[in-house]
Amino acid sequence: MQTSPPDNGGYMIAAYLIVGVVILGYALSLLRRARTALRRE
Amino acid sequence: MTPTPENAAATIRRGLLLSTVGLLGLALVYLLAHRFTPIEVRQGLAQKIFYVHAPAAWAAMLAFALVGVCGGLYLWLRDPRLDLFAEASAEVGLVFGLIMLTTGPIWGKPIWGTWWTWDARLTLTLLLVFLFVGYRALRGALSDPAERARYSAVVGILGLMLVPFVHLSVYLFRTLHPQPVLLKPSAPSMPAPMLRTLLTSIAVFTLLYVGFAMTRYGLGLMREARGAADAD
């Protein structure tokens with residue numbers, strides 16, 4: 001009978017890293033486009 | 001009604017503000033998930049992927065559904081702002097779709113023993129994302145704004161019709177994918193600390209969706225305002 005959780009923390013770290021990179025990357029892309037648009041206002 | 005650059009700028013600024021709050025919320029979700037949520041005994045730390053995978057899936061489905069709703073309303077009211085919002089929602093939906101489609105397999109490998117399986121939920125989700133990639137390609141291929149809005153609205157409505165099938169696919173077909181823990185007729189099937197983290201994450205991803213979509217919508221408004229000013 002299994003008493004301790006399986007050792008698979010690497011998958012969790014990879015998933016959270018991807019989420020952070022995708023969300024931050026998109027936010028920065030929006031920010032760059034917004035700054036260009038607002039500068040021309 | 002033609003948008004003015006001032007309205008567009010105000011929308012962009014509001015969107016950026018909400019996005020910033022959403023990003024701070026995401027940091028809170030990371031903290032909650034790692035420090036204040038227990039480790040599930042059978043799945044281990046990989047179970048915590050659920051706290052970003054399910055909210056990203058929720059945000060993607062919300063975004064894709066709203067593309068269809070705005071498309072339907074556009075065909076009825078012919079208000080170009082609805083088309084602009086649909087365009088924004090589709091782009092943001094693809095961002096959350098990308099998260100959904102990458103974090104799912106990362107959870108699947110340690111839990112199912114495989115990165116991917118062609119079962120109903122996964123396949124339908126992939127098709128939905130492909131449909132919205134096609135939606136974006138269609139928008140890029142059509143230069144006449146009215147024609148682009150009309151054709152895009154039809155594709156958006158088709159996407160909206162697919163969303164309930166994606167959600168119900170775990171009931172309609174034999175599938176490996178876990179059944180919903182929240183969006184179901186009975187009470188949530190999760191311990192309270194896990195449910196708190198999940199609900200917080202859903203709220204944060206919804207806020208991120210609103211912030212991103214509003215910013216992107218504002219950028220569309222600005223493009224239209226400038227186009228109208230250049231035409232005058």
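Visitor: Where does B:Leu158 sit?
Guide: You'll find B:Leu158 in helix 5 of chain B. Keep in mind as we go that this is a predicted model.

Visitor: Why does B:Leu158 count as partly exposed?
Guide: B:Leu158 has 15 C-beta neighbours inside 10 Å, so it counts as partly exposed. A residue needs 20 or more to be buried, and 12 or fewer to be exposed.

Visitor: And how far apart are B:Leu158 and B:Leu142 in space?
Guide: From C-alpha to C-alpha, B:Leu158 and B:Leu142 are 19 Å apart, with a separation of 16 residues in sequence.

Visitor: Back to helix 5 of chain B, then. At what angle does it pack with helix 3 of chain B?
Guide: The angle is about 55 degrees, and the two axes are 10 Å apart. Helix 3 and helix 5 of chain B are therefore oblique to each other. Their crossing is left-handed.

Visitor: Which residues make that contact?
Guide: Helix 3 of chain B brings B:Pro80, B:Asp83 and B:Ala86, while helix 5 of chain B brings B:Pro145, B:Ala149, B:Ser152 and B:Gly156. Sorted by class, the contact has four nonpolar, two polar and one charged residues.

Visitor: What about helix 3 and helix 4 of chain B, how do they cross?
Guide: Those two axes cross at roughly 145 degrees and come within 10 Å. Here helix 3 of chain B also makes a left-handed crossing, this time with helix 4 of chain B.

Visitor: Who meets whom there?
Guide: From helix 3 of chain B, the residues include B:Glu87, B:Gly93 and B:Leu101. Among those in helix 4 of chain B are B:Thr125, B:Phe132 and B:Arg139. By class, this contact has nine nonpolar, three polar and three charged residues.

Visitor: New topic: chain A. How many helices and strands are there in it?
Guide: Chain A has one helix and zero strands. Its C-alpha trace spans about 65 × 10 × 5 Å along the principal axes. Of the 41 residues in chain A, 27% are buried.

Visitor: How many residues does each chain put into the contact between A and B?
Guide: Chain B contributes 32 residues and chain A contributes 23. On the side of chain B that touches chain A, helix 1, helix 3 and helix 6 of chain B each give two or more residues. Helix 3 of chain B gives the most, with nine.

Visitor: What classes of residue are on that side of chain B?
Guide: That side has 23 nonpolar, five polar and four charged residues.

Visitor: Let's go inside. How many residues does the largest nonpolar core have?
Guide: The largest nonpolar core has 73 residues, and B:Ala59, B:Ala63, B:Phe96 and B:Tyr209 have the most contacts inside it. Helix 1 of chain A and helices 1, 2, 3, 4, 5 and 6 of chain B each supply at least two residues. Helix 2 of chain B gives the most, with 17 residues.

Visitor: What does B:Ala63 touch?
Guide: Setting aside neighbours within four places in sequence, B:Ala63 is in contact with B:Ser89, B:Val92, B:Gly93, B:Phe96, B:Tyr209 and B:Ala213.

Visitor: Last one: where is B:Arg78?
Guide: B:Arg78 is in the loop between helix 2 and helix 3 of chain B. Although B:Arg78 is not a glycine, it has a positive phi of about 60 degrees.

Visitor: Is B:Arg78 buried or exposed?
Guide: B:Arg78 counts as exposed, because it has 12 C-beta neighbours inside 10 Å.

Conventions:
Residues numbered from 1 in each chain as written. Chains lettered and ligands numbered in written order. Predicted model: local features only at pLDDT ≥ 70, side-chain atom pairs only at ≥ 80, totals over all residues. Contact = placed C-beta atoms within 7 Å. Helix = DSSP H or I, 4+ residues; strand = E, 2+ residues; numbered from the N terminus. Nonpolar A, V, L, I, M, F, W, Y, C, P; charged D, E, K, R; others polar. Core = buried A, V, L, I, M, F, W, Y, C linked by C-beta atoms within 7 Å. Axes fitted to C-alpha atoms, helices over the stretch in contact; angles between N-to-C directions. Parallel < 35°, antiparallel > 145°, perpendicular 65-115°, else oblique. Left-handed = near helix turned anticlockwise from the far one by under 90°.
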